[in-house]
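I set out to record the fold, the packing and the ligand surroundings of this entry. My notes follow the order in which I looked things up.

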Amino acid sequence: MIAAREGTVVISSALFAFLHHLAAFGLVAALAIELVLLRQPLTVQSVRALLRADMLYGIAAAVVLTVGALRVLFFEKGVQYYMHSVPFVVKVTLFAVVGVLSIRPTMTFLSWRGAVVQGQAPVVDEPKIKALRRLVHLELAAVAGILLCAALMARGLGSGLSLG
Ligand code: HEM
């Protein structure tokens, strides 16, 4: 009976780890797509693709956060462990930074919807596009930092509590 329960916990933990990784890959893919599209001249098709990529980004970020929080609360090493882990705190802070950095690109893409609905590409000057590209670049750099923190925290580095 206990073995069966432990088995269920291990399977749930693996499932949530899978979902966490899947969403994290989706988030990175969405940002990479945005970067590629922002390097090309804007067309109706590319703006539609940007809007879809940004929606994927939003969904992936929500799944990463929800699944990550569930892992902290119910699976893995327990809330106490993560609260004493410096890489965990840095990771969550960087995640919030990515969220803040993404506000301007998202608002800008949404503001282009009107033109696209009318079948026209929005007219945007190059400095504005360059600023958007820089923001998406920074988001990707912060995600790289998040990945480093994830590897460190999973192995007990920078943690006040021992893994026992
Ligand atoms: C873009 C955001 C994120 C990315 C790319 C990401 C990526 C990862 C990766 C790759 C791992 C596996 C680490 C390893 O086993 O070597 C991991 C583990 C984990 N992540 Fe995230 N993560 C993100 C956000 C979050 C957030 C916001 C939370 C919490 C609210 C969170 C909680 C966790 C937990 C609890 C683990 C398990 C660590 C362990 O094995 O002790 N993650 N994450």
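**Contacts and overall form**

I began with contacts in the protein chain between residues at least 6 apart in sequence, and 84% of them join residues at least 24 apart; two residues are in contact if their C-beta atoms, placed from the backbone, lie within 7 Å. I note that this is a predicted model, in which local features need pLDDT of at least 70, side-chain atom pairs count only at pLDDT 80 or more, and totals for chains, interfaces and linings use all residues. Residues are numbered from 1 along each chain as its sequence is written.

I then listed the secondary structure and found seven helices and zero strands in the protein chain (DSSP runs, H or I of at least four residues for helices and E of at least two for strands, numbered from the N terminus). Along the principal axes, the C-alpha atoms fill a box of roughly 65 × 35 × 20 Å.

**Burial and cores**

I counted 21% of the 164 residues as buried (20 or more other C-beta atoms within 10 Å of the residue's own; exposed is 12 or fewer, partly exposed in between; C-beta atoms are placed from the backbone). The largest nonpolar core has 18 residues, of which Ala-23, Leu-27, Ala-30, Tyr-57, Ala-60 and Val-64 touch the most other members (a core is a set of buried Ala, Val, Leu, Ile, Met, Phe, Trp, Tyr and Cys residues joined through C-beta atoms within 7 Å). Two or more residues of this core come from each of α1 (2-38) and α2 (44-74). Another core, of five residues, lies apart and includes Tyr-82, Ile-146, Cys-149 and Met-153.

**Ligand shell**

Around the ligand I found 22 residues, with Ala-24, Gly-68, Arg-71, Ala-150 and Ala-154 nearest (C-beta atom, placed from the backbone, within 6 Å of the molecule). The elements giving two or more residues to this shell are α1, α2, α4 (86-101) and α7 (126-154); α7 gives the most, with seven.

I noted a positive phi of about 60° at Glu-76, which is not a glycine. Glu-76 sits in the loop between α2 and α3 (79-83).
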